[in-house]
Amino acid sequence: MDGLLAYFTQVGFGPTGWGLPLLRAASMTVAVSLSAFGVGIVFGIFGCWAKLSRSVVAQGVATVYTTVLRGIPDLLVIYLLYFGGSQAIGMIARLLGHQGFFGLNGFVVGMMAVGIISGAYQTEVLRGAYLAIPKGELEAARVAGMGRLLMLRRIVAPQTLRFALPGMGNVWQLILKESALISVVGLIEIMNQTRLAVGRTGAAFSFYITGAILFLVITTMSGAVFRRAEAWAMRGMGGRVKS
Amino acid sequence: MKRLEFLWETFLQLLSGVPVTVSLVTVSVLLGGVLALALTGIRRTSRPGEWAVSAYVFALRGSPLLVQIFLIYYGLGQFEWIRTSFLWPFLREPWWCAITALALNTAAYQAEVLRGGLNAVPKGAIEAARVCGMGRLMTFRRIVLPIAVRQALPAYTSEVVIMVKATSLASIITLFEITGIAHSIVSETFRAFEVLSIAGLIYLVMNFALTRAFRRLEIRLIPQSKATAFERPVSKA
């Protein structure tokens with residue numbers, strides 16, 4: 001019982017508790033994940049467009065993109081962006097006459113790295129969703145005299161989004177978990193904050209289990225949001241959405 | 001010329017990490033597979049068993065692998081009774097901690113893969129086997145398992161590929177597998193692009209070979225169906 005009380009004092013909001021920093025770190029995790037999700041959608045849209053285009057070059061580039069990013073560890077991509085980015089900036093700086101190592105902003109690096117990785121998955125999700133649109137709908141739109149842009153706005157985009165939502169939910173869960181890796185480039189999100197707390201208090205198990213619980217809470221809550229969104233997107237479709 | 005030499009040297013150094021990565025993957029996937037079978041068994045025994053396994057799967061799949069690794073490597077030392085137990089010589093070693101975390105993690109994912117496979121076994125096939133006079137165990141061995149394994153193989157392939165990628169996290173607890181070696185070379189030479197690209201290439205080749213091998217297996221086990229490419233967006237981070 002004493003142990004439990006000590007635990008809640010440690011992670012609570014009292015004067016000796018780490019509650020507030022942990023909560024702030026959790027919101028940082030959500031913020032960087034949301035940004036990465038946005039970046040991933042942009043990459044996904046371009047990837048999907050390239051894969052579906054008639055140009056062989058675009059198809060090839062998109063295939064290389066998705067194959068490579070799904071085949072190498074996420075940690076490697078983060079390192080590549082972080083150290084590679086510093087290397088590139090250092091090179092430019094040396095040309096301009098500056099010296100030394102240039103560290104990059106952890107948030108930006110993490111957002112871009114996780115965004116680019118998730119973009120590879122998002123590409124497949126969006127492509128699958130686009131291909132799920134009944135061909136008749138596209139034909140009907142064209143027959144009704146819609147131009148390409150109008151058709152994209154009125155038919156393709158809403159329908160793709162509807163079919164893509166379940167897959168996007170999976171990608172979001174993946175991003176949330178991947179965001180823990182951004183701790184290696186110094187962003188103070190859940191992992192890094194718990195690590196700091198462990199360094200200060202020595203209570204390793206208590207804080208890492210708290211970090212795990214925070215992640216579980218976030219994944220569960222966002223899972224519920226995505227289910228709501230799916231139900232909303234599928235309204236009027238005759239109960240085609242399951243779960 | 002000097003640049004080429006550096007690349008070759010880096011390649012050789014990184015290659016020395018391949019056995020570590022491969023052994024991490026093999027041991028943890030096999031251990032995780034045994035665990036997943038056990039979990040599936042527990043799941044089918046009773047209601048509380050089902051709940052317990054579902055809770056396990058939920059916790060392990062809902063939190064990042066990195067947290068799980070830290071919990072085992074740094075976290076367990078917080079308890080006096082673990083530090084004095086016979087397990088401590090193992091749990092002090094980063095290698096065993098990485099194996100434990102990876103195996104526990106993949107067990108949760110593999111249990112889900114197995115569940116999907118088992119759900120796909122037609123009721124009629126089981127009934128037919130029972131009518132033929134097969135016992136529970138024989139039905140499982142002869143009918144249920146082969147059908148479930150075939151059904152689960154594509155998902156299993158991607159799980160193994162994901163595990164190859166996941167072993168890179170072991171570098172964070174000081175294991176010198178491919179990513180760990182790459183990181184140390186980068187911090188010595190600051191030539192991030194070259195080193196990390198070579199490391200990435202090694203992973204790509206490994207995963208390519210792995211998917212090809214599994215595809216072979218799939219075609220052999222399921223001659224009637226064309227093997228499908230994996231497109232499941234999953235990772236564990």
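Here is a short walk through the two chains, one selection at a time.

This is a predicted model, where local features need pLDDT of at least 70, side-chain atom pairs count only at pLDDT 80 or more, and totals for chains, interfaces and linings use all residues. Residues are numbered from 1 along each chain as its sequence is written, with chains lettered from A and ligands numbered from 1 in the order in which they are written.

**Start with chain A.** Color by secondary structure and you'll see nine helices and zero strands (helices are DSSP runs of H or I, at least four residues; strands are runs of E, at least two; both are numbered from the N terminus). The C-alpha trace spans about 70 × 55 × 25 Å along its principal axes. Of the 243 residues of chain A, 41% count as buried, as in 20 or more other C-beta atoms within 10 Å of a residue's own, with C-beta atoms placed from the backbone.

**Now show both chains.** The contact takes 38 residues from chain A and 36 from chain B; two residues are in contact if their C-beta atoms, placed from the backbone, lie within 7 Å. On chain A's side, select α9(A), which gives the largest share, eleven residues.

**Next, select residues 18–45 of chain B.** That's helix α2, with 28 residues, reaching 40 Å from its first C-alpha to its last. Show side chains for its buried residues, including Val20(B), Leu24(B), Gly32(B) and Arg43(B). What covers α2(B)'s buried residues includes α3 (47–62) and α9 (136–166) of chain B.

Definitions and conventions:
The expected span of a helix is 1.5 Å times one less than its number of residues. A residue is buried if 20 or more other C-beta atoms lie within 10 Å of its own, exposed if 12 or fewer, and partly exposed in between; C-beta atoms are placed from the backbone.
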